[in-house]
Amino acid sequence: MLLQGFEMPEDDKNRTDFSNPPANFPPDPSLVRPEARELRGFRVYEGWFTPEEQAGLVTDLREMLRKAPLFSPVTPSGAQMSVRMSSAGNFGWMSDARGYRYAPHHPQGSAWPPIPPVLTALWGALVPQARPPETCLINYYGPEAKMGMHQDRDEGDLSQPVVSVSLGDEALFRIGNLERGGKTESLWLRSGDVVVMEGAARLRYHGVDRIAAGTSLLLKQPGRINLTMRVVTPSRVD
């Protein structure tokens, strides 16, 4: 089942200023991209993607989710997560009674769709020294969804970065420490923002406290999309 927020009901078309540009909307090489600001080692690029590029990404996502529909993960303890998700690339992230892991197929058995070129180009621009991304997690946050403080450590090579893209409504993003607990800092992530986690910040605890519904007109219904590209497999030792 496709997510309603990616569809365009006839009576809802006036909610957006975008005219549904083609998939893989090409980045404009003449654009001056924002410089990063740093928060606890996280590099935050505010407004990296233009409104037109964001709309192009949503067009890409509609096609990707036709091939790999969103599903609701369940934690190993049996609790259903409030975030719905899918993936693209060679692997997708899964969670169920068997634990947290990456899998080569969607729960329905199909292969994951490829990562859009506009996202692999972003990876190459911001982390050129890294291995190519092997997955792109697609997380959809409805107005009431959140994500508790956690580390991204299910990957086989934790020396590789994580690159995250925000689309849709603003999210209150919290950054913690290398150990659970202690003082944290928060910032609002807006549509088009990009965050890079690497080096000492790669294993910092982080989470999403809440979604500010209605702060963006990118999607046809309130909600936020988070795309996170990662390297999954261990590095080869020759």
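Select Val194 first. Leaving out residues up to four places away in sequence, Val194 touches Arg43, Val44, Tyr45, Trp48, Phe49, Leu122, Leu126, Val163, Ser164 and Val165, where contact means heavy atoms within 4.5 Å. Before moving on, note that this is a predicted model, in which local features need pLDDT of at least 70 and side-chain atom pairs count only at pLDDT 80 or more, while totals for chains, interfaces and linings use all residues. Residues are numbered from 1 along each chain as its sequence is written, and side-chain values use heavy atoms, with hydrogens and water left out.

Next, select strand 11, residues 194–197. Helices (H or I, at least four residues) and strands (E, at least two) are DSSP runs, numbered from the N terminus. In a regular strand, side chains alternate between the two faces of the sheet. Both faces of strand 11 are covered: Val194 and Val196 are buried on one side, Val195 and Met197 on the other. Buried means under 20% relative accessible area, exposed over 50%, and partly exposed in between (1.4 Å probe, protein chains only).

Strand 2 (residues 42–45) runs antiparallel to strand 11 and is joined to it by three bridges; Tyr45 stands opposite Val194. Strand 8 (residues 162–168) is also antiparallel to strand 11, with four bridges, and Ser164 has Val195 as its bridge partner.

Which residues touch the most other members of the largest nonpolar core? They are Leu119, Leu122, Val194 and Leu227, in a core of 33 residues. Helix 1 (51–67), helix 2 (117–126), strand 6 (135–141), strand 8, strand 11 and strand 13 (224–230) each supply at least two of its residues. Helix 1 gives the largest share, six residues. Apart from this core lies another of 29 residues, among them Val44, Tyr141, Ile175 and Ile211. A nonpolar core is a set of buried Ala, Val, Leu, Ile, Met, Phe, Trp, Tyr and Cys residues joined through side-chain atoms within 4.5 Å.

Then select Arg33, in the segment before strand 1 (37–39). Its side chain reaches the backbone oxygen of Trp48 at 2.6 Å and makes a polar contact with the side chain of Glu53 (2.8 Å). A polar contact is a pair of N or O atoms within 3.5 Å; within protein, one must be able to donate a hydrogen and the other to accept it, and residues adjacent in sequence count only if both atoms are side-chain atoms.

Finish at Ala97, in the loop between strand 4 (92–96) and strand 5 (99–103). Ala97 is exposed, with a relative accessible area of 69%.

Terms used
Pairing = 2+ DSSP bridges.
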